[in-house]
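Let's take a walk through this protein together, one stop at a time. Have the 3D view open and follow along.

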Amino acid sequence: MAFKLGSEVRRTRNSKDTPILRKKLEKGVLGEANMDGSVYVDKSVKPGSALDKRIQRHEGQHAKEMKANKIYYNDNTVVDKIAGITYKRKGGKLVVDESKNAKFKKGDSFEEGSNDLPHEKRAKKAE
């Protein structure tokens with residue numbers, strides 16, 4: 001007897017149907033993209049404002065890259081496959097663990113969200 005999958009239908013998310021959730025984020029953070037495709041926007045940001053739209057475009061770029069398996073993160077690691085860099089999270093910083101990018105060497109350290117990070121530069125451009 002053959003194994004048959006059910007008739008489950010999965011939604012493909014795009015920038016028009018990415019769930020935008022409003023919640024209190026940690027101090028200094030206005031938006032976060034999540035591995036599940038959702039985006040958090042801090043409650044202090046007025047819905048529909050220019051800042052809100054900018055945050056959604058920025059975090060939406062991260063969500064799009066995560067969906068395409070171009071970037072990945074968990075509690076300990078951030079992987080940017082486009083730039084060829086793996087970072088370890090250490091005390092609010094991203095420390096280069098492996099790099100195929102000549103501009104980034106093992107041990108280089110950056111604040112999370114720094115505009116010097118390649119994945120942040122791409123998201124900034126999407127704003």
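Helices (H or I, at least four residues) and strands (E, at least two) are DSSP runs, numbered from the N terminus. Before going on, two notes on the ground rules. This is a predicted model, where local features need pLDDT of at least 70, side-chain atom pairs count only at pLDDT 80 or more, and totals for chains, interfaces and linings use all residues. Residues are numbered from 1 along each chain as its sequence is written, and side-chain values use heavy atoms, with hydrogens and water left out.

Now step back into H1 itself, residues 50–67. Its buried residues (under 20% relative accessible area, with exposed over 50% and partly exposed in between, using a 1.4 Å probe and protein chains only) include Ile 55, His 58 and Met 66. The buried residues of H1 pack against strands S1, S2, S3 and S4, and against helix H2 (118–126).

Next, look for Asp 80 in strand S5 (residues 77–80). Is Asp 80 buried or exposed? It counts as buried because its relative accessibility is 1%. Its side chain makes a polar contact with the side chain of Arg 122, at 3.0 Å; such a contact is a pair of N or O atoms within 3.5 Å, and within protein one must be able to donate a hydrogen and the other to accept it, while residues adjacent in sequence count only if both atoms are side-chain atoms.

Technical notes
The expected span of a helix is 1.5 Å times one less than its number of residues. Contact means heavy atoms within 4.5 Å.
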